[in-house]
Amino acid sequence: MRTFMECGGAALGRGGALISSSPFPSDLKLHFVSCPSNLKIQNHVCPMPSMVLLPPITRCEAVEGRTLWDCVADTDWDNLEFGLVPTDYMYVMKCNRNGTFSEGKLKQFGPVELSPSSGILNYGQGLFEGLKAYRKEDGSILLFRPEENASRMKSGAERMCMPSPTIQQFVDAVKLTVLENQRWVPPVGKGSLYIRPLLMGSGPILGLAPAPDYTFLIFVSPVGNYFKEGLAPINLIVETNFHRATPGGTGGVKTIGNYASVLKAQAIAKEKGYSDVLYLDCVNKKYVEEVSSCNIFIVKDNIISTPEIYGTILPGITRKSIIQVARNQGYQVEERLVSVEELLDADEVFCTGTAVVVSPVGSITYQGKRVEYGNQGVGVVSQELYSALTNLQNGITEDNMGWTVKLN
């Protein structure tokens, strides 16, 4: 069994093997948990269940800012996909009937208990968000614009008749959850830690009405590229039979129901070999709206255009960021109605979203006609904006806009 001396001493492993000889800070909070077989501590792998010291809410820093140890999950970072990898902790915060959220708590990642008559299960009263944490070369961790996710959740909660955490509660909860799962933040260039906040009507309700109680929950998972193509161009098909959203509906809100409704069209498209589906407006059936889970941009004569936000399109945070980055790079960016004819005549097309970041489009098929862009290569504008945004997110370039939040 691994044992650790009290603060101020050295950390000793099995048989007295020295793990760290640096003094621990006097205010370090210690907690002991079972060591998973895939846990690495300074390149030492725990071969069997034992007792180890995991980083608490903040990383243990030695004199001159040097880290005493690095806790890194032993997983195949080179083949990381966009799928769930169970991590250590999730965050849970409850809301009572008067709309007041209790103090949140960290719990081991695992199943959530719900009443069969909960609002989320019966009437779909739920929202989710998505953001990422990135590891820098120096080992520190960055969040990207978490306050924007918090603000969007508050807006969505109002539409769905739900109470929501304050922006500060949301951001603090995200920070805490990431720090307690920091060994799952991929190394530089290997991916990111996807953060999934959920707000749901967890209280029991039978008649159609808002739930009496709510749960705010955050879990995380290390992820690779959303599309299997990575930065390589994707192939889209324009959907003419199904619609993602209607005026006056919830298309502009990140509610769970928006995504279940696209599964049928998406499944049909993937069976035909397409990467995803691009939806048109349901009134005129001629204006581009968005892909199943991303916003879309077109480039024509060095002008970048994207469908304007008017209630049926999700106000993507990556979309908002790309617009600002593009303008900073000297591009003219227009938010307006974009017809499918303009889409097919574009010089370049790309998608944006938290999961995909920037994804170039190689081809679009509409009513049996296939249009290719840039010989199905990565467009110049797509590449430029992808590099500019990811360099900012990963802390490679200086953040002059105050979008990143350093955690440790």
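1. Helices here are DSSP runs of H or I with at least four residues, strands are E runs of at least two, and both are numbered from the N terminus. On that count the protein chain comes to eight helices and 25 strands. Keep in mind that this is a predicted model, where local features need pLDDT of at least 70, side-chain atom pairs count only at pLDDT 80 or more, and totals for chains, interfaces and linings use all residues. Residues are numbered from 1 along each chain as its sequence is written, and side-chain values use heavy atoms, with hydrogens and water left out.

2. Some whole-chain numbers next. Buried means under 20% relative accessible area, exposed over 50%, and partly exposed in between (1.4 Å probe, protein chains only). Of the 408 residues in the protein chain, 51% are buried. Taking contact as heavy atoms within 4.5 Å, 67% of the contacts between residues at least 6 apart in sequence join residues at least 24 apart.

3. Now the cores. A nonpolar core is a set of buried Ala, Val, Leu, Ile, Met, Phe, Trp, Tyr and Cys residues joined through side-chain atoms within 4.5 Å. The largest one has 37 residues, and Leu 127, Leu 143, Val 174, Val 178, Ile 195, Leu 199 and Phe 216 have the most contacts inside it. Elements giving two or more residues to this core include strand S9 (89-95), helix H2 (146-159), helix H3 (167-180) and strand S15 (214-223). H3 gives the most, with seven residues.

4. Leaving out residues up to four places away in sequence, Phe 216 touches Tyr 91, Val 92, Met 93, Phe 101, Met 153, Pro 165, Phe 170, Ala 173, Pro 197, Leu 198 and Leu 199. Apart from this core lies another, of 24 residues, with Phe 227, Leu 278, Val 291 and Cys 351 among them.

5. On to helix packing. Axes are lines fitted to C-alpha atoms, for helices over the stretch in contact, and angles run from 0 to 180 degrees between N-to-C directions. H2 and H3 pack at about 130 degrees, with axes 9 Å apart. That makes H2 oblique to H3, given that angles under 35 degrees count as roughly parallel, over 145 as roughly antiparallel, 65 to 115 as roughly perpendicular and the rest as oblique. On the H2 side, the residues in contact include Met 153 and Lys 154, and they meet Ile 167, Phe 170 and Val 171 in H3.

6. Helix H6 (residues 317-328) and helix H8 (residues 380-393) pack at an angle of about 110 degrees, axes 10 Å apart, so H6 is roughly perpendicular to H8. Thr 318, Ser 321, Ile 322, Val 325 and Ala 326 of H6 make the contact with Leu 385, Ala 388 and Leu 389 of H8.

7. Two backbone spots deserve a look. Most residues other than glycine have a negative phi. Arg 145, in the loop between S13 and H2, has a positive phi near 50 degrees; Arg 145 is also buried, at 6% relative accessible area. Asn 302 has a positive phi of about 70 degrees and is partly exposed, at 48%.
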